[in-house]
Amino acid sequence: MVVLWPVVEYFWDAKGFRKYPVQNFLSGFTGLGYNWEIGREHSVVRTRRLHELHQKKGDVIRVAPNWLSFSSAAAVKDIYGHKSPLFKNEVYIALQENGRHLGNIISKSYHSERRQLVASYYAPKNIESWEPKITALATTLVTNMDRLCTSPLHLGQVPARRDLLFDGNRWGLMFAMESASRIGLSANLGFIERSSDAFEIDKPDGSKQTISPIDSLRGYYGAAATLIWDGRLYPMLKVLSGVMSPHYAKAWVHGDNWRGFLNKLVNERIARYDSGEYLNDLFQPMLEDRKTGDQPDIPTRDKVAEMDQMFNGATDGTGGSLVNTLYYLVKHPDAMKRVRAELDEALGSDVVAAPWSKVKSLPYLKACIDEAQRLAPAVAGDLPRKTPPGSTYMVAGVTVPGNTDCSISAYTAQRDPDIFPDPEAFKPERWLIKGEDNLKRMLDVYLVFTMGARMCMGRSVTILVQSVYLATLLHRYEFALASPDWEVQRTERFNLWAGEMPLKIWRREF
């Protein structure tokens, strides 16, 4: 009966969803079809496949029995906007297995309470206190990049393999994670200084182990993303997969190691507070209410979970944007030439690490970052939201029954040709066109930081890190890929990841 019931529900079709095309043959019967789409090996990432399916089959695709994916940009406001009554679904409950944080809390009232507690610490006014930490990190980065520099590459030449010493992917991710640690926990991980993300954790048995936090983070969440989309079955699938599959068994060990990394940093930060040290970082409001001086009622498990979310967003979100912006600029010499002209005018020839005060208002640099994030958003896929029970709701002109999961991917919304002409092209200048509400129309569907009450709180941190890192590298160095037609390889799980990006690097001549 358990096996037959999904078939009965499909043909019963109480909500009338059989009229919609499905993502795959399982989509109408079980959420496992979505798991399969995330986990299966394919030359095209899942969100791209869904985007192309929308182009062929229409604006609404059924991706699970009770889940509709939309492609019209009008769906963005209806699903994620400030006035939308939709709420997070059961997947987010499954994501609470290691604690509740701002990204997985379902209750709107509790989310608002937690958000208000920490909001002032994330505000743009804090950039002045964050900047010295990021500028110091960029200065250390330059020291290491100078060591990786090779002789200049002449026009028309292809780099020798031995000269591809700078992995633009790994360095971007390390810089982002280290930045989050310094701003969020006042902790120096030493990644940039050592040119490695090796980190020693304490095992439950008292032994020590050196891990790669980046690999542990992605190893664990990459595997979880292939199982979690049927929230009811996820706990069972996780246990069975660990027993039956060496791949998943290794992934769950990655999860243990990732939590070992988080626990060590959080415990050290709490110990500093207990010893009387006040630190103006993002963790402070979870230790002491700025207004009352009282200790907030947040369990340690949730404090660790908030740092989990912070590092997740920093590594895949901020780090991914550093990698992708550099990649697109190297691939588009005209855009690189223009952004360098802007940087040269702002910084001169003697600046080592680009100061925030000189790069925060550079329009073309910002346009390049925005365009890279438009084409390759970190959270490219679907963020499901559930319609309120008991009544229908309109999404992009479609009447949706109550208690239905709905989503539109950032990848698709940010490729709407009516809003982004020539949507597959890297055109930073589109963000500088004035008049006819062009910018407003683009920002209305720009989901890089999501929107509404759930908008990413780390936006100001991200913009600071992006501006300083990219301005420093683009102003000081030249880059070359292995060949002009070299393309970055991407993997998608929860987020869209770029693969290795080997580059030749050398000093610019002023």
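Select E97 first: E97 is partly exposed, at 28% relative accessible area (partly exposed lies between buried, under 20%, and exposed, over 50%, with a 1.4 Å probe and protein chains only). This is a predicted model, where local features need pLDDT of at least 70 and side-chain atom pairs pLDDT 80 or more, while totals for chains, interfaces and linings use all residues. Residues count from 1 along each chain as its sequence is written, and side-chain values use heavy atoms, without hydrogens or water.

K238 sits in helix α11 and E97 in the loop between α5 and α6, 141 residues apart (helices are DSSP runs of H or I, at least four residues; strands are runs of E, at least two; both are numbered from the N terminus). K238 is buried, at 17% relative accessibility.

Next, pick D163 and K504. Their side chains form a salt bridge of 3.4 Å, N to O. D163 lies in the loop between α7 and β4, K504 in strand β14, 341 residues apart. Both are buried.

Move to helix α16. E371 and R374 are three residues apart there, about one helical turn. Their closest N and O atoms are 2.9 Å apart in a salt bridge. E371 is buried at 0%, and R374 is buried at 0% too.

Stay in α16 and select L365. L365 touches V339, E342, L343 and L474, among others, not counting residues up to four places away in sequence (contact means heavy atoms within 4.5 Å).

Finish with R48, E52, R415 and E424. A network of salt bridges links these residues.

Note on methods
Salt bridge = Lys/Arg side-chain N within 4 Å of Asp/Glu carboxyl O.
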